[in-house]
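Here is a friendly tour of the pockets and aromatic contacts in one structure. Have your viewer ready and follow along.

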Amino acid sequence: MKNTTKLTNLKIEWINKPKNSKIESDKVYIKTDPYTDFWQRTYYGFQNNNAPALLSQITDKYFSFVVKTEFNSKQRFDQCGVIIYQDSDNWFKASIEYENEDFQRLGSVVTNNGYSDWATTDIPATHKFIYYRLSRRENDFCIESSYDGINYKQMRIFHLFSANEAINVGIYACSPENSSFCAEFSEIEFMDCKWEEHK
């Protein structure tokens, strides 16, 4: 991948297309439907695979994907962010999940071979926007977040066993409980990998 590429300049495709969404030249809007989520088995026991995601298939082995998310979430587990979706048993997502009026959870889920994990840190409920930068180096990935789009902090490094060749990368939003909210995605770009090689 050379320099930068806008999401709207690539071939994009919905999975679980939401009832209400809009794609503009520089923004994407999603209004979530109730009882939508991505999760597989671990701890909770259930399997959910009905959240909407707007994806682009990328074959580059080294790149970074950046997006700004803004949201008015208000119900437990309301979330929106970035996603890699290979199939129902192999995927990754990062988001801020609403918990209550005091705090929400900035976190990520890695699902390999049908089992999800969930790594989080609590942040104030007043934060209603954030930037994500997802970087790929072959089958390994780094997810970072930022409040200004300049200074990023690492959230986690992870491996996807299903990411041997092309991967499906993009954005998602969902409301696992009886809720609906509006998510706005902007400043969407694919670019040369910003995650430097470890030496």
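## The second largest pocket

In this predicted model, the lining of the second largest pocket has eight nonpolar, two polar and four charged residues. The pocket itself holds about 180 Å³ of space. Its lining is made up of 14 residues, and D37, Y44, F46, F77 and E97 are the closest to the centre. Two elements, β5 (38–40) and β10 (90–98), each give two or more residues to this lining.

## The largest pocket

Now turn to the largest pocket, which has a volume of about 220 Å³. It is lined by 14 residues, with L106, T121, S145, Q154 and M155 the closest to its centre. By class, the lining of this pocket has four nonpolar, eight polar and two charged residues.

Four strands each supply at least two residues of the lining: β11 (103–112), β13 (119–124), β15 (140–146) and β16 (153–159). Of these, β16 gives the largest share, four residues.

## Aromatic pairs

How many aromatic pairs does a search of the whole structure find? There are nine. One of them joins F38 and Y85 in a tilted arrangement, with 5.5 Å from centre to centre and 40° between the planes. This pair links distant parts of the chain, since F38 belongs to strand β5 and Y85 to strand β9 (residues 79–87), 47 residues apart. F38 is buried, because its relative accessible area of 0% is under the 20% cut-off. Y85 has a relative accessible area of 10%, so Y85 is buried as well.

F92 lies in strand β10 and F158 in strand β16, so the pair ties together parts that are 66 residues apart in sequence.

The charged end of K22 sits over the ring of Y29, 5.1 Å from the ring centre. For R133, the charged end sits over the ring of Y152, and here the distance to the centre is 4.3 Å.

Methods:
Residues numbered from 1 in each chain as written. Predicted model: local features only at pLDDT ≥ 70, side-chain atom pairs only at ≥ 80, totals over all residues. Heavy atoms only, no water. 1 Å grid on protein atoms, 1.4 Å probe; cavity = no way out; pocket = protein on both sides within 12 Å on 5 of 7 lines; lining within 4 Å. Points joined across faces, edges and corners; volume = space filled by probe spheres on them. Nonpolar A, V, L, I, M, F, W, Y, C, P; charged D, E, K, R; others polar. Phe/Tyr/Trp six-rings, centres within 6.5 Å; stacked < 30°, edge-to-face > 60°. Buried < 20%, exposed > 50% of the residue type's maximum accessible area, 1.4 Å probe, protein only. Lys NZ or Arg CZ within 6 Å of the ring centre and 35° of its normal.
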